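Please walk through this structure step by step, beginning with the chain as a whole and ending with individual residues and their surroundings.

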Amino acid sequence: QVHLVESGGGLVQAGGSLRLSCAASGRAVVGYAMGWFRQAPGKEREFVAGINWSGRNTNYADTVKGRCTISRENTKNTVYLQMNSLKPEDTAVYYCNAGALGPAPGNFWGQGTQVTVSS
């Protein structure tokens, strides 16, 4: 079993930045691809970014490409999502997922962290 806890969300003005963190406990996630998804009110959950186990391969949704960077520190069992140039349409609950390099999620989810971008 993998337990994921997200943090770092909050309220930010458009154009601002946030860094989300996802700390894993239980089974180590060093061998897993890790991903970030988000879900806005009234919308389906969507893929944001993914990173393979070594950190050498990353994948981004077109909507965030060039504005977000996913990274990981396997020694800390932690994955990060640096988000820059935030837009109001980035407002959503952001979820960490173990197993996702792309839009197909793995089996383990965190509880989510709210990101709100004001215009």
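The coordinates come from a predicted model, and the chain they describe has zero helices and 11 strands. Read along the sequence, its pattern is accordingly β-β-β-β-β-β-β-β-β-β-β. The radius of gyration of the chain is 13 Å, close to the 14 Å that the globule rule gives for 119 residues, so the chain is as compact as a globular protein of that length. Taken along the principal axes, the box filled by the C-alpha atoms is roughly 40 × 25 × 25 Å. Of the 119 residues, 47% count as buried, while the accessible surface of the chain comes to about 6,000 Å², with 49% of this area belonging to carbon and sulfur atoms. As for the contacts in the chain with a separation of 6 or more, 57% of them are accounted for by residues 24 or more positions apart.

The strands can now be considered by their pairing. Strands of a sheet pair through backbone hydrogen bonds, either parallel or antiparallel. Here, four strands form an open sheet in the order β1-β3-β8-β7, and the pairing is antiparallel. Strands β1 (2-7) and β7 (68-73) stand at the edges of this sheet, each with a single partner strand, so one side of each is left without a neighbour in the sheet. From one strand to the next, the twist averages 15 degrees. Within the sheet, strand β3, which covers residues 18-26, and strand β8, which covers residues 78-83, pair in the antiparallel sense over six bridges, and A23 stands opposite T78 in β8.

Five bridges join β5 to strand β4 (residues 34-39), the two running antiparallel, and F37 stands opposite F47 in β5. The two strands form a hairpin with six residues between them, and G42 in the turn has a positive phi of about 80 degrees. Strand β5 is also joined to strand β6 (residues 58-60), again in the antiparallel sense, by three bridges. Six residues lie between β5 and β6 in the hairpin that they form, where G55 in the turn has a positive phi of about 90 degrees.

N59, whose place is in strand β6, is the bridge partner of G50. Is N59 buried, partly exposed or exposed? Its relative accessible area is 30%, and N59 is therefore partly exposed. Not counting residues up to four places away in sequence, N59 touches F47, V48, A49, G50, L101 and G102. With L101 there is also a polar approach, as a polar atom of the N59 side chain lies 3.2 Å from the backbone oxygen of L101. R27, by comparison, is 32 residues from N59 in sequence and 24 Å from it in space, C-alpha to C-alpha.

Which residues does T91 contact, leaving aside its neighbours within four places in sequence? They are A40, Q114, V115, T116 and V117. For V117 there is a further detail, in that the side chain of T91 reaches the backbone nitrogen of V117 at 2.9 Å.

Key:
Residues numbered from 1 in each chain as written. Predicted model: local features only at pLDDT ≥ 70, side-chain atom pairs only at ≥ 80, totals over all residues. Heavy atoms only, no water. Pairing = 2+ DSSP bridges. Axes fitted to C-alpha atoms, helices over the stretch in contact; angles between N-to-C directions. Polar contact = N/O pair within 3.5 Å; in protein donor to acceptor, adjacent residues only side chain to side chain. Contact = heavy atoms within 4.5 Å. Rg over C-alpha atoms; globule rule 2.2 N^0.38 Å. Buried < 20%, exposed > 50% of the residue type's maximum accessible area, 1.4 Å probe, protein only. Areas by Shrake-Rupley, 256 points an atom, 1.4 Å probe, with all protein chains shown as cover.
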